[in-house]
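Please walk me through this model in the viewer, one selection at a time. I would like to know what to select next and what is there.

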Amino acid sequence: MSVTVFLIFGFTAIASALLCITRRSPIASALWLVITLFCIAALFVGLDAQFLAILQVLVYAGAIMVLFLFVIMLLNLGRPGPSDIKGPLGILVAVVLAIALLTQLLVVSKTTLPSTIQLPPGTVAAVQQQSGMVGAVAAPLFDAYLVPFEIASVLLLAAIVGAVVLAKRKL
Amino acid sequence: MLLSPALAISAVLFTLGVLGVLLRRNAIVIFMCVELMLNAVNLTFVALAQNLGLGGQVFVFFVMAVAAAEAAVGLAIILAVYRHKQSVSLQNMNLLRDG
């Protein structure tokens, strides 16, 4: 993917994220967020993570955002009500904090990685060539990261039980 | 080659997520902003995985699993709060406030 295409997707992601945090109606916010998530999936493709891009569309844009829209419609919040954005003082504090954070993050992202921890160029591409896009991610998942993988399954089970308990009217 | 634009984009997206959390009062929109921050971090992981090995891509899996669990439990909490207060505005959630 060329740098220009990458930057177009990046700016689309940023613009729709900006619209997501400023729209008054939660439905509009959710739909702009879906566009941001799709653009991030496109950025994943540009960074040679095709499998994660598919997962991003399936899990985030597909499952999680549908859950959000479901709850918004269940609570009948679709109509844009009075604005829930904070007053002038709140906006001032938030913008100042955000600018400070952005400056810090951009300074940190400009630092060069020490060459001792960098892999020689082409190593990741060679692994992906050898075992395929899915295999290159799945092999460490079931090998070096097996224990976190099992813990994640327990976490998901706990989340299922917790969501059912919390959302039920009477146990 | 795409590393520094990717890091810059993810920095801006993360900041927009923080800005949304600070600006809004609607609990559902704040949840969406948290998801936006998680996605910005995922973008950083994927960008750095090109130079530092595929462990970064594996970690994105775990972030997605935690985000899914968080969304399910968080939205259930919002449903439960709405049932008591008839509102999802954080202004009305001050049960634990002192005085």
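Select α3 of chain A and colour its buried residues: these are A:Leu52, A:Ala53, A:Gln56, A:Tyr60, A:Ile64, A:Phe68, A:Val71 and A:Ile72. Keep in mind that the model is predicted.

Now show what covers them. The cover includes α2 (26–46) of chain A, and from chain B it includes α2 (27–52) and α3 (55–85).

Stay on α3(A) and look along its length. The helix runs over residues 50–74, 25 residues in total. From first C-alpha to last it reaches 34 Å, close to the 36 Å expected at 1.5 Å a residue. Centre the view on A:Met65, where α3(A) has a kink of about 30°. Then step just past the end of the helix to A:Asn76, which takes a positive phi of about 60°.

Next, select the contact between the chains. Chain A puts 67 residues into it and chain B 61. On the chain B side, the elements giving two or more residues are α1 (3–23), α2 and α3. The most comes from α3(B), with 22 residues. Coloured by class, this side of chain B shows 47 nonpolar, 11 polar and 3 charged residues.

Finish at B:Ala27, in helix α2 of chain B. Is B:Ala27 buried or exposed? It is buried, because 21 C-beta neighbours lie inside 10 Å and the cut-off is 20 or more. Leaving out residues up to four places away in sequence, B:Ala27 touches B:Ile78, B:Val88 and B:Leu90.

How values were computed. Residues are numbered from 1 along each chain as its sequence is written. Chains are lettered from A and ligands numbered from 1 in the order in which they are written. This is a predicted model: local features need pLDDT of at least 70, side-chain atom pairs count only at pLDDT 80 or more; totals for chains, interfaces and linings use all residues. Helices (H or I, at least four residues) and strands (E, at least two) are DSSP runs, numbered from the N terminus. The expected span of a helix is 1.5 Å times one less than its number of residues. The bend at a residue is the angle between axes fitted to the seven residues ending there and the seven starting there. A residue is buried if 20 or more other C-beta atoms lie within 10 Å of its own, exposed if 12 or fewer, and partly exposed in between; C-beta atoms are placed from the backbone. Two residues are in contact if their C-beta atoms, placed from the backbone, lie within 7 Å. Ala, Val, Leu, Ile, Met, Phe, Trp, Tyr, Cys and Pro count as nonpolar, Asp, Glu, Lys and Arg as charged, and the others, Gly among them, as polar.
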